[in-house]
Amino acid sequence: MAQDEVVEGEKDDGIAVPIRRRGPAKQDEQARKRGVLIVVGMVGLGGLLAGVFLTQMKDSAVYSKPVDELVAQKTKFAGRPVRAEGNLVHGTLVKRDQPCEYRFTITKNGVDVPVRFAQCVVPDTFRDVAGMDVGVTVEGELRADNSFEATNVLAKCPSKYEMKERATKGEQMPHAQVDGT
């Protein structure tokens, strides 16, 4: 710890009165303590904000799982918004006009999940094309009976290289108009 500096001050009746001044070392120590307190406060505030943010994010997070994993862990994801990934099971795509909805089944590793999508519009690439696997991602909620209520449907396009190869064999693109769908 730094010592105070004693200097000669004003004279009173000819006698010097000592005055104590804080030395530079004492001022530096106080400034360092103040700086440490500011840093600790900022880190604490940052931690608090991060905790609040992460807590709020946990409630609104959307998990993405292949359908086989989703069904295997359904108690963990029940009542939460999730994305399920799989392939369209050929022959299951059905569109109803009244009420307007699509029903189909997606599969992954031998686990099938029936899907209901209660809207009239799906992506152009979402077609049941014989001999072609259509990758599908649905967003929504897994129900207790292992069915899925979708709020959004995303179809993955086959790679451009696969499409070129199929086109040379005379096959039609999956997004081309298909009668009845």
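Predicted model: local features only at pLDDT ≥ 70, side-chain atom pairs only at ≥ 80, totals over all residues.
Leu45 counts as partly exposed because its relative accessibility is 45%, which falls between the cut-offs of 20% for buried and 50% for exposed.

The UniProt record, in an unreviewed entry, lists residues 36–54 under "transmembrane region". In the model, this stretch is 100% helix and 0% strand.

## The chain as a whole

The protein chain contains four helices and nine strands. Along the sequence, these elements follow the order β-β-α-β-α-α-β-β-β-β-β-β-α. The chain has 181 residues, of which 27% count as buried.

Among the contacts with a separation of 6 or more, 44% are between residues 24 or more positions apart.

## The largest nonpolar core

In soluble globular proteins, nonpolar side chains tend to be buried together. The largest nonpolar core of this model has 24 residues. Within this core, the residues that touch the most other members are Phe104, Ile106, Phe126, Val136, Val138 and Phe148. At least two core residues come from each of the following elements: helix 2 (67–72), strand 4 (82–88), strand 6, strand 7, strand 8 and strand 9. Strand 9 provides the largest share, with four residues.

Phe104 illustrates how such a residue meets other parts of the chain. Leaving aside residues up to four places away in sequence, Phe104 touches Leu88, Thr92, Leu93, Val113, Pro114, Val115, Phe117, Phe126, Val136, Val138 and Val153. Two of these partners, Val136 and Val138, are also listed among the core residues that touch the most other members.

## Val82 in strand 4

Val82 is located in strand 4. Its relative accessible area is 1%, so Val82 is buried; the cut-off for this class is under 20%. Val82 and Leu70 are separated by 12 residues in sequence, and their C-alpha atoms are 8.8 Å apart in space.

## Backbone features in the loops

A cis peptide bond links Gln98 to Pro99, with an omega of about -10 degrees. Pro99 is placed in the loop between strand 5 (94–97) and strand 6 (100–108).

Two asparagines in loops also deserve attention. Asn109 is not a glycine, yet its phi is positive, at about 50 degrees. This residue lies in the loop that joins strand 6 to strand 7 (111–117). Asn109 is classed as exposed because its relative accessible area is 62%, and the cut-off for that class is over 50%. Asn146, likewise not a glycine, has a positive phi of about 70 degrees. Its position is in the loop between strand 8 (135–142) and strand 9 (148–156). With a relative accessibility of 23%, Asn146 counts as partly exposed.

Note on methods. Residues numbered from 1 in each chain as written. Heavy atoms only, no water. Buried < 20%, exposed > 50% of the residue type's maximum accessible area, 1.4 Å probe, protein only. Contact = heavy atoms within 4.5 Å. UniProt positions renumbered as here; feature names shortened; annotations may be inferred. Core = buried A, V, L, I, M, F, W, Y, C linked by side-chain atoms within 4.5 Å.
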